[in-house]
Amino acid sequence: MVSDAAIATAVAVVVTVSFPFYLYGAWVIIESETVTWDVLTYHLKFILVGLLLTTIPVLGWMAPRLLDQLGGLAAVHVFLGLQAYAMLVLALTGIVRIFQVKRAHDLYGNPRDDVDISELHENMDSWRRRLRVGVAGYVLFWLFAWVLGMIRFLIKYTDYF
């Protein structure tokens, strides 16, 4: 049977590998002058891989062992992780509405540089703000949870602490 240390190491590596997918997905959107349907789907491919590389280990390895390990560091780790996912939900509440409005105006199929998307709907600026705060919050809380998770990993599975 595979040891807990081996599985924990694999989980740590998989979750760590997810971060470059987030960074590249963000870079795709930031570098794009106009977000077309192709740009959006290309961006989402990387973001979804990052989310899967984080969420599957959380649900498959970390969550089932939570009650057995619940202590100070574990509680903070869980809190930070839950905050990350809460910020992701906040971002999704913005992106869904932005997507609906842009799709209604055919800005994915027929992108136009002369259209100010803030003028497409009265709430567009607040949805965009929600998206930015949610994404920034997700990344920030994800990083905090990752650092704390790595500290917990080192304490539990190595002789460094």
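1. The second largest pocket is lined by 34 residues, and those nearest its centre are V58, M62, H77, G149 and R152. A pocket here is an open set of points on a 1 Å grid over the protein atoms alone, where a 1.4 Å probe fits and protein lies on both sides within 12 Å along at least five of seven lines, and a lining residue has an atom within 4 Å of a point. The volume of this second largest pocket is about 810 Å³, where a volume is the space filled by probe spheres set on the points, which are joined across faces, edges and corners. Please keep in mind that this is a predicted model, in which local features need pLDDT of at least 70 and side-chain atom pairs count only at pLDDT 80 or more, while totals for chains, interfaces and linings use all residues. Residues are numbered from 1 along each chain as its sequence is written, and side-chain values use heavy atoms, with hydrogens and water left out.

2. At least two residues of the lining of the second largest pocket come from each of α1, α2, α3 (66-69), α4 and α5, and α5 gives the most, with ten residues. Helices (H or I, at least four residues) and strands (E, at least two) are DSSP runs, numbered from the N terminus. By class, this lining holds 23 nonpolar, eight polar and three charged residues; Ala, Val, Leu, Ile, Met, Phe, Trp, Tyr, Cys and Pro count as nonpolar, Asp, Glu, Lys and Arg as charged, and the others, Gly among them, as polar.

3. The largest pocket contains about 1,300 Å³ of space. It is lined by 38 residues, and I29, V35, H43, I95 and L131 are the closest to its centre. The elements that contribute two or more residues to the lining of the largest pocket are α1 (4-31), α2 (37-62), α4 (72-104) and α5 (124-157). Sorted by class, the lining of the largest pocket has 28 nonpolar, four polar and six charged residues.

4. For the overall picture, the protein has five helices and zero strands, so that reading along the sequence gives the pattern α-α-α-α-α. The C-alpha trace spans about 60 × 25 × 25 Å along its principal axes. Of the 161 residues, 29% count as buried, where buried means under 20% relative accessible area, exposed over 50% and partly exposed in between, with a 1.4 Å probe and protein chains only. Among the contacts with a separation of 6 or more, 75% are accounted for by residues 24 or more positions apart, a contact being heavy atoms within 4.5 Å.

5. The length of α5 agrees with expectation, because its 34 residues should span 50 Å at 1.5 Å a residue and its end C-alpha atoms are 48 Å apart; the expected span is 1.5 Å times one less than the number of residues. The buried residues of α5 include G134, G137, Y138, W142 and G149, and what covers the buried residues of this helix includes α1, α2 and α4.

6. The same check can be made for α4, whose 33 residues should span 48 Å at 1.5 Å a residue, and whose end C-alpha atoms are 48 Å apart, which agrees. Among the buried residues of α4 are H77, G81, G94 and K102, and the elements that cover the buried residues of α4 include α2, α3 and α5. Just after α4, D106 takes a positive phi of about 55° although D106 is not a glycine. Most residues other than glycine have a negative phi. D106 lies in the loop between α4 and α5 and counts as partly exposed, at 40% relative accessibility.

7. There are 15 aromatic pairs, counted where the centres of Phe, Tyr or Trp rings (for Trp, the six-membered ring) lie within 6.5 Å, with planes under 30 degrees apart called stacked, over 60 edge-to-face and the rest tilted. Y22 and W142 form an edge-to-face pair, 5.9 Å centre to centre and with 80° between the planes. This pair links Y22 in helix α1 with W142 in helix α5, 120 residues apart. Y22 is buried at 8% relative accessibility, and W142 is buried at 6%. The rings of W37 and Y108 have their centres 5.6 Å apart and their planes at 75°, so this pair is also edge-to-face. Because W37 lies in helix α2 and Y108 in the loop between α4 and α5, the pair ties together parts that are 71 residues apart in sequence. W37 is partly exposed at 40%, whereas Y108 is buried at 8%.

8. Ring pairs also link F19, Y22, Y85, Y138, W142 and W146 into a cluster.
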